[in-house]
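Please look over the sequence and the model before reading on.

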Amino acid sequence: MDRTAEPPGGTPVGRRVVLGLLGLGAAGVAVGPYLQRAQDAVTAGDPTGLTGLLPGGGGFRYYSVAASVPDRTADTYALTVDGLVERPTTHRLADLRTMPQRRLVRDVQCVTGWRVPDTPFEGVPLAHLLDEAGVRPGARAVQFTCFDGAYTESLTLEQARRDDVLIALKLQDAPITHAHGGPVRLYVAPMYFYKSAKWLSGITVTDAVRPGYWEGNGYDIDAWVGRSNGRDDAPTG
């Protein structure tokens, strides 16, 4: 699992180094616009994006693999559903809010070790969006892209249709903030939190799993909590 990745203009970064960097800090810096600006300044000269990590509130950590992430509002946000579907669609935030919602309360477990217990997420079941789009024969997986321009994730079609996988609009019973990946993020309750892609902008149905950003840097593609990445954490639900 100690594979390395060669970032542009940098030196190889091993998985142990990645985990070490992501585990740093719990000093209680406030999350919000000030954190985003501080993160932008820190990461501007970092080709790996790994120093884009500052402690957040509520037990969470702020992670970004991009030097900066644009804001999206209700007026500017859009989520596309395309690929192997009968009806490619673009959803605005208002559209997503009118769809059936599901609320889940689970522990959030990061592969770096921190855990936030009993965390409410609420949003549209991903299966609902897939059914609306009409998945075509030959589909086997779903790829997720993000408006940070860098992050990607993937699930098998079977995983994506689970009732504990959401297109999340709320975290802790409030709209998801930019710092937490809002206004819309993926939430995959039974998997390590890197699977729950922030700043979600695209859902593409594919014929095979396309490994996501961290899988290209040594993380497991199937990221079940306690049964992957060499960890034995208690399941989240």
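Strand β9 (residues 141–146) and strand β14 (residues 200–206) pair in the antiparallel sense, over six bridges. Within β14, Val 205 is the bridge partner of Val 142. This is a predicted model.

β9 also pairs with strand β10 (residues 152–156), again in the antiparallel sense, over five bridges. Here Phe 144 has Glu 153 of β10 as its bridge partner. The two strands form a hairpin with five residues between them. In its turn, Gly 149 has a positive phi of about 80 degrees. β9 itself is mostly covered, with five of its six residues buried.

**Core packing**

The largest nonpolar core holds 43 residues. Ile 167 and Ile 203 touch the most other members. Elements that give two or more residues to this core include β5 (78–83), β9, β11 (165–171) and β14. The largest share, four residues, comes from α4. Another core, of 14 residues, lies apart from it; Val 108, Phe 121, Ile 176 and Ala 189 are among its members.

Ile 203 touches residues including Leu 79, Val 81, Leu 126, Leu 129, Val 142, Phe 144 and Ile 167. Asp 82 is also one of its contacts.

**Thr 204**

Thr 204 is found in β14. Is Thr 204 buried or exposed? Its relative accessibility is 18%, so Thr 204 counts as buried. Its side chain makes a polar contact with the side chain of Asp 82, at 2.7 Å. Thr 204 also touches Gly 83, Ala 141, Val 142 and Gln 143.

**Salt bridges**

The whole structure has seven salt bridges.

| Asp 173 | Arg 103 | 2.9 Å |

The Glu 153 and Lys 195 pair links distant parts of the chain, 42 residues apart. Glu 153 is in strand β10, while Lys 195 is in the loop between β13 and β14. Both residues are buried. Glu 153 and Lys 195 are also linked with Glu 215 in a network of salt bridges.

Asp 107 counts as buried because its relative accessibility is 18%.

Asp 173 is partly exposed, with a relative accessible area of 47%. Arg 103 counts as partly exposed at 46%.

Methods
Residues numbered from 1 in each chain as written. Predicted model: local features only at pLDDT ≥ 70, side-chain atom pairs only at ≥ 80, totals over all residues. Heavy atoms only, no water. Buried < 20%, exposed > 50% of the residue type's maximum accessible area, 1.4 Å probe, protein only. Pairing = 2+ DSSP bridges. Core = buried A, V, L, I, M, F, W, Y, C linked by side-chain atoms within 4.5 Å. Contact = heavy atoms within 4.5 Å. Polar contact = N/O pair within 3.5 Å; in protein donor to acceptor, adjacent residues only side chain to side chain. Salt bridge = Lys/Arg side-chain N within 4 Å of Asp/Glu carboxyl O. Lists of a residue's contacts leave out its neighbours within four places in sequence.
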